[in-house]
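Work through the exercises below with the structure in view. Each task is followed by a solution in steps.

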Amino acid sequence: MPIINVKMTEEDGGATLEQKQKLHKGMARLFDDIFGRGGKTAVVTIEEISTDNYSVGGKTITEVRKEAKELSK
């Protein structure tokens, strides 16, 4: 039984239920397409991480995105 963990930043209110359902189905189908097994038993988890709880180089992603936005003006 495959266990597939998806982690992504939570942006603009996060993924919709419809998007999550498509991701669940798509990941299970993709695993089955590649490995030829597990499509019906795949466990898929989605973890949305606040951009305040994720950092690169000591800066939260919220800060990085804010700085990038200001530079692009």
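**Exercise 1.** Is Lys 59 buried, partly exposed or exposed?

Solution. The model is predicted: local features need pLDDT of at least 70, side-chain atom pairs count only at pLDDT 80 or more, and totals for chains, interfaces and linings use all residues. Residues are numbered from 1 along each chain as its sequence is written, and side-chain values use heavy atoms, with hydrogens and water left out. Buried means under 20% relative accessible area, exposed over 50%, and partly exposed in between (1.4 Å probe, protein chains only). Lys 59 has a relative accessible area of 36%, so Lys 59 is partly exposed.

**Exercise 2.** How many salt bridges does the rule give?

Solution. The count is 5 salt bridges. Among them is the pair of Glu 11 and Arg 65, whose closest N and O atoms are 2.2 Å apart. Glu 11 sits in the loop between β1 (3-10) and α1 (17-35), and Arg 65 in helix α2 (residues 61-71), so this pair ties together parts 54 residues apart in sequence. Helices (H or I, at least four residues) and strands (E, at least two) are DSSP runs, numbered from the N terminus.

**Exercise 3.** Where do Lys 22 and Glu 18 lie?

Solution. Both residues are in helix α1, 4 residues apart, about one turn of the helix. Lys 22 and Glu 18 form a salt bridge, with closest N and O atoms 3.5 Å apart. Lys 22 is exposed, at 54% relative accessible area.

Key: Salt bridge = Lys/Arg side-chain N within 4 Å of Asp/Glu carboxyl O.
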